[in-house]
Amino acid sequence: MITPNALTIIRIALTPLFMLFFMIDSVWSLWVFMILFGISELTDLLDGKLARQMDMVSDFGKLMDPFADSISRFTIFLCFLSAGYAPVWVIAIFFYRDVLVSIIRVFAIKSGIVVAARTSGKIKAWIQFLAILGVMLIVIGQKMLLLPATINGPFDIPAVTIIIFLASMGTLWSGVDYWLGNKTSVLSAMSTDS
């Protein structure tokens, strides 16, 4: 039987494969990318559920599950950046949010508080999932000549850029929500260090 921690490790191991198949940049490799992305998302859904059902919640899982989420999604958005689908400042929001949440968790632990997953984090995960799915369906559709080579939204901005921008705004909102929900414990831990 596969353990929740094994699923988390699988998700981390898939991450470099995302990049490899994305960079090959052919129709078949992008479909492989999509399959790997689907497997990664499935392991994300299953690992926490199995951990609770099997009573196998561990410190490893609590630490590595958010790391696996961050590294897999951030790798995909870096691929999108390399392909010119978004400006670097938009992608930076994904990075800064995850670093902020990690710092909040560290300081909260110093105050004896475990930072629980917030609703905004779950919504952010769904927004990012839908953004990745949307971008990839457009890109594959264009490569297969099923969609026009250029799909623009308002102000002549490419549709994929708009999708990623909207995902970054959802991500930014989640970061602000984590900060507002945990700033007291963070500031308390910081004040005891000084």
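Good morning, colleagues. The model is predicted; local features need pLDDT of at least 70, side-chain atom pairs count only at pLDDT 80 or more, and totals for chains, interfaces and linings use all residues. Residues are numbered from 1 along each chain as its sequence is written, and side-chain values use heavy atoms, with hydrogens and water left out.

I begin with the aromatic rings. Across the whole structure, a search finds twelve aromatic pairs. Rings of Phe, Tyr and Trp (its six-membered ring) pair if their centres lie within 6.5 Å; planes under 30 degrees apart count as stacked, over 60 as edge-to-face and the rest as tilted. F21 and W28 are edge-to-face, because their planes stand at 80° with the ring centres 6.0 Å apart. F21 is buried at a relative accessible area of 17%, whereas W28 is exposed at 51%. Here buried means under 20% relative accessible area, exposed over 50%, and partly exposed in between, with a 1.4 Å probe and protein chains only.

F77 and F94 make a stacked pair, with 4.0 Å from centre to centre and 10° between the planes. F77 belongs to helix 3 (residues 59-82) and F94 to helix 4 (residues 88-110), so this pair ties together parts that are 17 residues apart in sequence. Helices are DSSP runs (H or I, at least four residues), numbered from the N terminus.

Let me turn to the surface. A nonpolar patch is formed by V88, W89, F165, L166, M169, L172, V176 and L180, which together have about 750 Å² of accessible area. Patches are made of residues with over 30% relative accessible area and no salt bridge; like charges are joined within 9 Å, and nonpolar side chains (Val, Leu, Ile, Met, Phe, Trp, Tyr) within 5 Å. A salt bridge is a side-chain nitrogen of Lys or Arg within 4 Å of a carboxyl oxygen of Asp or Glu. Accessible areas come from the Shrake-Rupley method with a 1.4 Å probe, and for residues only the protein chains shown count as cover. Helix 6 gives the largest share of the patch, six residues.

On a 1 Å grid over the protein atoms alone, a cavity is a set of points where a 1.4 Å probe fits but cannot get out; a pocket is an open set with protein on both sides within 12 Å along at least five of seven lines, and lining residues have an atom within 4 Å of a point. Grid points are joined across faces, edges and corners, and a volume is the space filled by probe spheres set on the points.

The largest pocket has a volume of about 1,700 Å³. Its lining has 49 residues, and D65, P66, D69, R105 and A117 lie nearest its centre. Helix 3 provides the largest share of that lining, twelve residues.

There is one cavity of 30 Å³ or more. The largest cavity holds about 40 Å³ of space, and among the residues lining this cavity are F77 and F94.

Finally, the backbone. D25, although not a glycine, has a positive phi of about 60°; D25 sits in the loop between helix 1 and helix 2 and is partly exposed at 40%. L145, also not a glycine, has a positive phi of about 65°. L145 lies in the loop between helix 5 and helix 6 and is exposed at 74%.

Technical notes:
Helices (H or I, at least four residues) and strands (E, at least two) are DSSP runs, numbered from the N terminus.
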